[in-house]
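Subject: Structure handover

Hello,

The structure is below, followed by notes on what was found in it. Please look it over before you set anything up.

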Amino acid sequence: MIARRVITGGLAMSLTACSLAPQTALPPPPVPQSWPVGDAYLAQSEAGLPQVSHTEVFRDRRLQQVIALALDNNRDIRIAAANLAAARAQVRAVRSAQFPAIGATVSATGTAQGTDGDWSELYSLQGGIASYEVDLFGKLSNATAAQRDRALATEAAARTVRLGIVANVAVAWATYAADRDLLALAEATAKNASESVRLTRARFEGGVAPRSDLSQAEQILATAQDSIAAQKTALAQDENLLRLLVGADVDPALLPGGLEEIDGSFATLPAGLSSQALLRRPDVIAAEYDLRAANADIGVARAKLFPSVSLTGLVGLASTALADLFTGGAFRATAGADASLSIFDAGGRRANVAVSEAERDAALATYEKAIQTAFREVSDALAVQGTLAERLRANRANAAAASTTATLAEARYTNGVASFLDSLVAQRSLYTAQRAEVSMELASILNRVTLYQVLGSDAFE
């Protein structure tokens, strides 16, 4: 009965405990309510908060399979999952301090007495509340709340890792497609250069062209052959990166053949997003939970300014003979309570409160900065998207003009109207323009990947 009353009284006191943690008041997002609008930005007209899945943005079935493999096997994701499991277990460990610690001990001793060797035995069984702190001022509950918020911040950090892996896989996959195009371009250039060397050698041997023309043609061929080797290296490195991101081998059938076949499979995000969508970014969510945890830490520090009350209770049985172990006289019970308060600590506990408040202020500023950084990243990506169409058109027009110039320069040289140097310059300009066109097409795809990542609204199961 005594032990029951101790436990019941302690639980009742803990249920009526107060919390000294201040209420968490999130500030209004320190960014405008809509994205900047201008020549370099896409106009936004709606104010929804859509949740965009990566399968909606990356529509190619092959890429979706590669992403699924990465989400299953990537080691960074496994590390994040392990950290999350540890954080959740830590919440349970901290929360356990809010409950009584109950233990039991059993002992047996024997004693020989007198010259005749009489033997006596003593058995004891004890169990009860080893220790229990009554949470009068919310110290333990606020510690649990702080740890729970930190676990939620860790969960948001895990989402950040997953989001980054998805984006990195999409980037590596699209880069592989661009390098396939650049390899095809280098091979086509080498083929044309080889034909040019053959014709120029024939002209040189026929006394029509100087030796310098043949040397310049051979330069073009050597440069193209070097580009082929470089692009093969780039493709091998792309595969190595994909293998690292996926955490396993990637079936060659899941790799793209070029940018043209995948450009339409990278969707643009819907227009009309309010800047409130940034509140769904995992890094912003993590900063918010860190702020809430810092707020709870203030409650823990404030509670330490007040007395600490601990309860103990013990019930047991003791007997000198095994047969008498459960008789009425063998039962014993004790209960006790302690209260402690430090009278003088040179201001240490108040300093801890000040530390917690300063850390809360820092967490608040970090939360606001996370939102501002997210806003800047999305705005930058929209600025790029707003001008990509014009840049693509200009690069394609430049490549087309360079192709015409190279064709005309080759015809003028063949007919003896122009020097081989004119043809050489035109061929180099064409190769540069074609590579720039591929790079701009890749930039257009990667911009869609960037927008998906910086908005961070994907929900993972």
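Residues 1-8 have pLDDT below 50, with eight contacts beyond near neighbours in sequence; a contact means heavy atoms within 4.5 Å. Where pLDDT is low, the predicted coordinates should not be read in detail. The chain's mean pLDDT is 79, and 72% of its residues reach 70 or more.

This is a predicted model, in which local features need pLDDT of at least 70, side-chain atom pairs count only at pLDDT 80 or more, and totals for chains, interfaces and linings use all residues. Numbering runs from 1 along each chain as its sequence is written, and side-chain values use heavy atoms, with hydrogens and water left out.

The axes of H4 (residues 75-95) and H5 come within 9 Å and cross at roughly 170° (lines fitted to C-alpha atoms, for helices over the stretch in contact; angles run from 0 to 180 degrees between N-to-C directions). The two helices, H4 and H5, are therefore roughly antiparallel (over 145 degrees). Residues in this contact include Ile77, Leu84 and Val91 of H4, and Ala151, Ala158 and Ile165 of H5.

Regards

Notes: Helices (H or I, at least four residues) and strands (E, at least two) are DSSP runs, numbered from the N terminus. Angles under 35 degrees count as roughly parallel, over 145 as roughly antiparallel, 65 to 115 as roughly perpendicular and the rest as oblique. pLDDT is the predictor's confidence in each residue, from 0 to 100.
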